[in-house]
Amino acid sequence: MTAASALAALVLLGTIAGVAGDAAGETPPLGAPAAGARPAGGDAARSGPVWAWPLPPIPRVVHPFDPPPQPWNAGHRGVDLAPAGGGGEVPVTAVDDGVVTHASILAGRGTVSVLHAGDIKSTYEPVDITVVVGQQVARGSPLGTLASAGSHCAPIACLHLGGLRRDSAGAWNYFDPRFLLASVEIVLLPTG
């Protein structure tokens, strides 16, 4: 097992544990999910992916997740997604129900963060922002439109989608958001 596949398994197990903990009524470290947010326990029953793609229809992955060897080193802490359709304004939508915790311009780019049930956060950039901090958003609701300025994929416009999960010590750790964008089938194998 490679280090990347071990990390993937740990993120998936941590996400499943967070979903199970929420379903059991345990309070996640940041407190209860916002009123109106879909409880994470619903994720376990969903047959499809946990997150919806933020660019409709399913976008093309231009640059995959490439974490640094140490948290303080340079790396690519998300995935770059290019829209599948033609030109025009491309809506950027929430991957799941949650609350907007950040919506502003950073380093010349519009950036948005959404906190979801299970102490998971999604981040989006560059976005021409249409939401405000504290706003509740539903899965698939618009956060803004894809901006071309500040794109990681210049000369084409692409969306950088990040995924973070808070650990037991309270630190936010990046994970490959494709784990929550794909359907996962868990198969138990007999022992002995």
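**Notebook: rings, a disulfide and a buried proline**

I began with Lys121, which lies over the face of Trp172 at 4.3 Å from the ring centre. For this I took a charge to sit over a ring if NZ of Lys or CZ of Arg is within 6 Å of the ring centre and within 35 degrees of the ring normal.

A note on the ground rules: this is a predicted model, where local features need pLDDT of at least 70, side-chain atom pairs count only at pLDDT 80 or more, and totals for chains, interfaces and linings use all residues. Residues are numbered from 1 along each chain as its sequence is written, and side-chain values use heavy atoms, with hydrogens and water left out.

**Overall layout.** I found three helices and eleven strands in the chain, taken as DSSP runs (helices H or I, at least four residues; strands E, at least two) numbered from the N terminus. Their order from the N terminus is α-α-β-β-β-β-β-β-β-β-β-β-β-α. Of the 192 residues, 39% are buried, meaning under 20% relative accessible area with a 1.4 Å probe, protein chains only. Next I looked at contacts (heavy atoms within 4.5 Å). Among those between residues at least 6 apart in sequence, 61% join residues at least 24 apart.

**Aromatic pair.** My search of the whole structure turned up one aromatic pair. It is formed by Trp51 and Phe175, with ring centres 6.2 Å apart and planes at 45°, so the pair is tilted. The cut-offs here are centres within 6.5 Å, with planes under 30 degrees apart as stacked, over 60 as edge-to-face and the rest as tilted; Trp counts by its six-membered ring. Trp51 sits in the loop between helix 2 and strand 1 and Phe175 in strand 11 (residues 172–175), so the pair ties together parts 124 residues apart in sequence. I checked burial too: both Trp51 and Phe175 are buried.

**Pro54.** I then moved on to Pro54, in the loop between helix 2 (41–45) and strand 1 (60–63). Is Pro54 buried or exposed? Pro54 is buried, with a relative accessible area of 0%. Beyond its neighbours within four places in sequence, Pro54 is in contact with several residues, including Leu81, Pro91, Tyr124 and Leu181.

**Disulfide.** The structure holds one disulfide (cysteine sulfur atoms within 2.5 Å). Cys153 and Cys158 form this bond, with their sulfur atoms 2.0 Å apart. I read the S-S torsion as about 80°, so the disulfide is right-handed. Cys153 counts as buried at 10% relative accessibility, and Cys158 at 1%.

Key:
Buried < 20%, exposed > 50% of the residue type's maximum accessible area, 1.4 Å probe, protein only.
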